[in-house]
Amino acid sequence: MSIQFDDQATFWLFGYGSLIYKVDFPWLERRPGRIFNWSRRFWQGSHDHRGTPDKPGRVVTLIKTPGAVCEGMAYRITAQEFAHLDHREKNGYVRLVTDVYFQDATQATGVVYIAAPDNRAYLGPATEQEIARHIADCAGPSGENSDYLLQLAHALRELNEVDEHVFTIERHLLALRSGA
Ligand code: SIN
């Protein structure tokens, strides 16, 4: 599927990671939304935000999972915002067109940034405990990797979303911090 870009056009951007809580772009409308058949996973490396090329942090990407639901936040934005967003998400993410579903049962065609397993920063699966240890030990130009995790977990709770992958990593991280 392809989208025609012109300066007047607006698009729904679906955010499922830092795009839920770090909104450094103008938007026209914002609505909680969901997409189907994708799971949020801390399987992407971060060389430029929450880690460095020598010591990449871990951030979320989406993994194709038939039957899964991923909750997030959708923003209606103009095409001009993609220059900034493409730069922000440049470490392995590409834009994908997807259907976004809203709480009032309406839907729209949207755009989501996904880091596929063939990108050079991809780290892949690990246990939630290993991921928490990894996150506890990393930082990059955008701050500590643990802040990314904690802010995402907080933002998901505000959306009334239960994401066991994220919340389990958060529990492990908090246990590490308390010396458990
Ligand atoms: C997103 O938030 O939608 C993409 C991943 C990220 O920037 O954390």
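The largest pocket holds about 270 Å³ of space, in a model that is predicted. Its lining comprises 21 residues, and of these Ser18, His49, Glu89, Tyr93 and Tyr148 are the ones that lie nearest the centre of the pocket. Two or more residues of the lining are contributed by each of helix H1 (18-21), strand S2 (29-46) and strand S3 (57-78), with H1 giving the most, namely three residues. When the lining of the largest pocket is divided by class, eight residues are nonpolar, seven are polar and six are charged.

Helix H5 (residues 164-177) takes part in a crossing with helix H4 (residues 145-158), the two axes coming within 10 Å at an angle of roughly 130°. Because angles over 145 degrees would be needed for a roughly antiparallel arrangement, H4 and H5 are therefore described as oblique to each other, and their crossing is left-handed. On the H4 side the contact is made by Ser146, Leu149, Leu150, Leu152, Ala153, Leu156 and Arg157, which meet Val166, Phe167, Ile169, Glu170, Leu173, Leu174 and Arg177 of H5. By class, this contact of H4 with H5 consists of 10 nonpolar residues, one polar residue and three charged residues.

A further crossing involves helix H3 (residues 128-136), whose axis comes within 8 Å of that of H5 and crosses it at roughly 55°. This angle makes H3 oblique to H5, and the crossing of H3 with H5 is right-handed. The residues of H3 in the contact are Glu128, Gln129, Ile131, Ala132, Arg133, Ile135 and Ala136, and those that they meet in H5 are His165, Thr168, Ile169, His172, Leu173 and Leu176. Seven nonpolar, four polar and two charged residues make up the contact of H3 with H5.

Within H5, Ile169 and Leu173 are listed among the residues that meet H4 and also among those that meet H3.

How values were computed: Residues are numbered from 1 along each chain as its sequence is written. This is a predicted model: local features need pLDDT of at least 70, side-chain atom pairs count only at pLDDT 80 or more; totals for chains, interfaces and linings use all residues. Side-chain values use heavy atoms; hydrogens and water are left out. Axes are lines fitted to C-alpha atoms, for helices over the stretch in contact, and angles run from 0 to 180 degrees between N-to-C directions. Helices (H or I, at least four residues) and strands (E, at least two) are DSSP runs, numbered from the N terminus. Angles under 35 degrees count as roughly parallel, over 145 as roughly antiparallel, 65 to 115 as roughly perpendicular and the rest as oblique. A crossing is left-handed if the near helix is turned anticlockwise from the far one by less than a right angle, and right-handed if clockwise. Contact means heavy atoms within 4.5 Å. Ala, Val, Leu, Ile, Met, Phe, Trp, Tyr, Cys and Pro count as nonpolar, Asp, Glu, Lys and Arg as charged, and the others, Gly among them, as polar. On a 1 Å grid over the protein atoms alone, a cavity is a set of points where a 1.4 Å probe fits but cannot get out, and a pocket is an open set with protein on both sides within 12 Å along at least five of seven lines; lining residues have an atom within 4 Å of a point. Grid points are joined across faces, edges and corners, and a volume is the space filled by probe spheres set on the points.
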